[in-house]
Amino acid sequence: MLVTPAYAQAAGGASGAAGLASFLPLVLIFVIMYFLMIRPQQKRMKEHRAMVEALKKGDEVVTQGGLIGKVTSVRDSELEVEIAPGVKVRVVRSTVTGLVNRTQPAAANS
């Protein structure tokens, strides 16, 4: 049972295509993971960052701890939130998870 050189060379060429075919499912899985998990998470992070940067005095917010209150003061990295009449707490901006009520700008008198 001797293998001829021509037969041995033909068998070696097929392994390159087989290697690519076995690598294709990995690439496909990564693409699916990107569109189903990574991209939506990046979009949510971008929206949260924009919401936190747009906070202003008078907005009603919810923190990660579940506190609901009205923003009374805005600083660089923190907010002062009034959670009850006369009770104010300092909160790090990034811990604000949602906006309950956004203050409307005053209407111009025409």
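In which strand does E80 lie? E80 is part of strand β3, which covers residues 78–84.

This is a predicted model, in which local features need pLDDT of at least 70, side-chain atom pairs count only at pLDDT 80 or more, and totals for chains, interfaces and linings use all residues. Residues are numbered from 1 along each chain as its sequence is written, and side-chain values use heavy atoms, with hydrogens and water left out.

The chain has 1 helix and 5 strands, in the order α-β-β-β-β-β along the sequence. Helices (H or I, at least four residues) and strands (E, at least two) are DSSP runs, numbered from the N terminus.

Of the 110 residues in the chain, 17% are buried. The chain exposes about 8,700 Å², and 64% of this comes from carbon and sulfur atoms; the areas follow the Shrake-Rupley method with a 1.4 Å probe, and for residues only the protein chains shown count as cover. Buried means under 20% relative accessible area, exposed over 50%, and partly exposed in between (1.4 Å probe, protein chains only).

| Residue | Relative accessibility | Class |
|---|---|---|
| E80 | 18% | buried |
| Y34 | 30% | partly exposed |
| F35 | 48% | partly exposed |

Beyond its neighbours within four places in sequence, E80 is in contact (heavy atoms within 4.5 Å) with K70, V71, T72, S73, R75, K88, V89 and R90.

The structure holds 1 aromatic pair. Y34 and F35 form this edge-to-face pair, at 5.2 Å centre to centre and 80° between the planes. Rings of Phe, Tyr and Trp (its six-membered ring) pair if their centres lie within 6.5 Å; planes under 30 degrees apart count as stacked, over 60 as edge-to-face and the rest as tilted.
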